[in-house]
Structure formats: C-alpha cells, structure tokens
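This report describes the fold and helix packing of a single chain. The sequence and the model are shown first, and the description follows.

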Amino acid sequence: MYTEPLYNFSNLTVEVADAETLLSMKLTSARTNMYSHDTEDAIALAQYLGVSTEDELFDIVERHTYQNQLTAQCNFFVQMIAELLAER
C-alpha cells in the first residue's frame, strides 16, 4: 500500500492511502448495495486520477491487490465503473 502524509507532528505522523490505493480498495470491495458509496467513490477517484478505461482500472487493481482478491464480482464491478465513466 502506498501512503501519503496527512499530518506531521513532532511525535506523530498520520498517513493516508494514496488515491490509486483507495481506488483499488473500492474496486476490490465491489459493494453495490444501497448503503455503500463505492460506485460514486470509484468514479470520483478514477476521474481524479484521469483513469477512464477498463484496462487502466484493471492495471490499478492488479498493482495494489493480491491475486486471490480478484474475484468475478470485482471484475464485474470494474467493467461497470468503466461503462459509467464512458457515459460521462
């Protein structure tokens, strides 16, 4: 996982995952229920990163995710996000 510093104090550094890592986590979790914001979050992160194709999304997932987490649900979700990005 890649992180970026959010706050630096004399005795503490708070780090957050970078945008690519967050996008990979959203795409891997692939939650589409009404209580999840993964779809909207994934689209916003992809647009922030300038990612617009299915291949680019899969590259990010493969770079930041263990092979055993690349499920059929993840693949479907990546394809769905790519289609939604193409419509915008």
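A contact is counted where heavy atoms lie within 4.5 Å. Among contacts in the chain between residues at least 6 apart in sequence, 54% link residues at least 24 apart. The structure is a predicted model, in which local features need pLDDT of at least 70 and side-chain atom pairs count only at pLDDT 80 or more, while totals for chains, interfaces and linings use all residues. Residues are numbered from 1 along each chain as its sequence is written, and side-chain values use heavy atoms, with hydrogens and water left out.

**Overall architecture**

The chain contains 4 helices and 2 strands, arranged from the N terminus as β-β-α-α-α-α. Helices (H or I, at least four residues) and strands (E, at least two) are DSSP runs, numbered from the N terminus. The C-alpha trace spans about 45 × 30 × 25 Å along its principal axes. Of the 88 residues in the chain, 33% are buried; buried means under 20% relative accessible area, exposed over 50%, and partly exposed in between, with a 1.4 Å probe and protein chains only.

The table sets out the two helices with their spans; the expected span is 1.5 Å times one less than the number of residues.

| Helix | Number of residues | Span between end C-alpha atoms | Expected span |
|---|---|---|---|
| Helix 4 | 16 residues | 23 Å | 22 Å |

In helix 2, the buried residues are Asp38, Thr39, Ala42, Ile43, Leu45 and Ala46. They cover an arc of only 165 degrees around the axis, which places them on the same side of helix 2; the arc is that of the directions from the helix axis to the C-beta atoms. These buried residues pack against helix 1, helix 3 and helix 4. Just after helix 2, Gly50 adopts a positive phi of about 75 degrees.

Helix 4 buries Cys74, Phe77, Val78, Ile81, Ala82 and Leu85. Viewed down the axis of helix 4, its buried residues fall within an arc of 140 degrees, so they line one face of the helix. Their cover includes helix 1 (19–29), helix 2 (38–49) and helix 3 (54–64). The face turned away from the buried side of helix 4 carries the exposed residues Ala72, Phe76, Glu83, Ala86 and Glu87.

Met80 also belongs to helix 4 (residues 72–87). Met80 counts as partly exposed because its relative accessibility is 22%. Leaving aside residues up to four places away in sequence, Met80 touches Thr32 and Thr39. Met80 and Thr39 are 41 residues apart in sequence, with a C-alpha to C-alpha distance of 8.9 Å.

**Crossing of helices 1 and 3**

The axes of helix 1 and helix 3 come within 9 Å and cross at roughly 95 degrees. Axes are lines fitted to C-alpha atoms, for helices over the stretch in contact, and angles run from 0 to 180 degrees between N-to-C directions. The two helices, helix 1 and helix 3, are therefore roughly perpendicular, a term applied to angles of 65 to 115 degrees. Helix 1 contributes Glu20, Thr21, Leu23, Ser24, Leu27 and Thr28 to the contact, and helix 3 contributes Leu57, Ile60, Val61, Arg63 and His64.

**The loop between helices 1 and 2**

His37 lies in the loop between helix 1 and helix 2. His37 is exposed, with a relative accessible area of 52%. Its C-alpha atom is separated by 9.1 Å from that of Lys26, 11 residues apart along the chain.

Terms used. Parallel < 35°, antiparallel > 145°, perpendicular 65-115°, else oblique.
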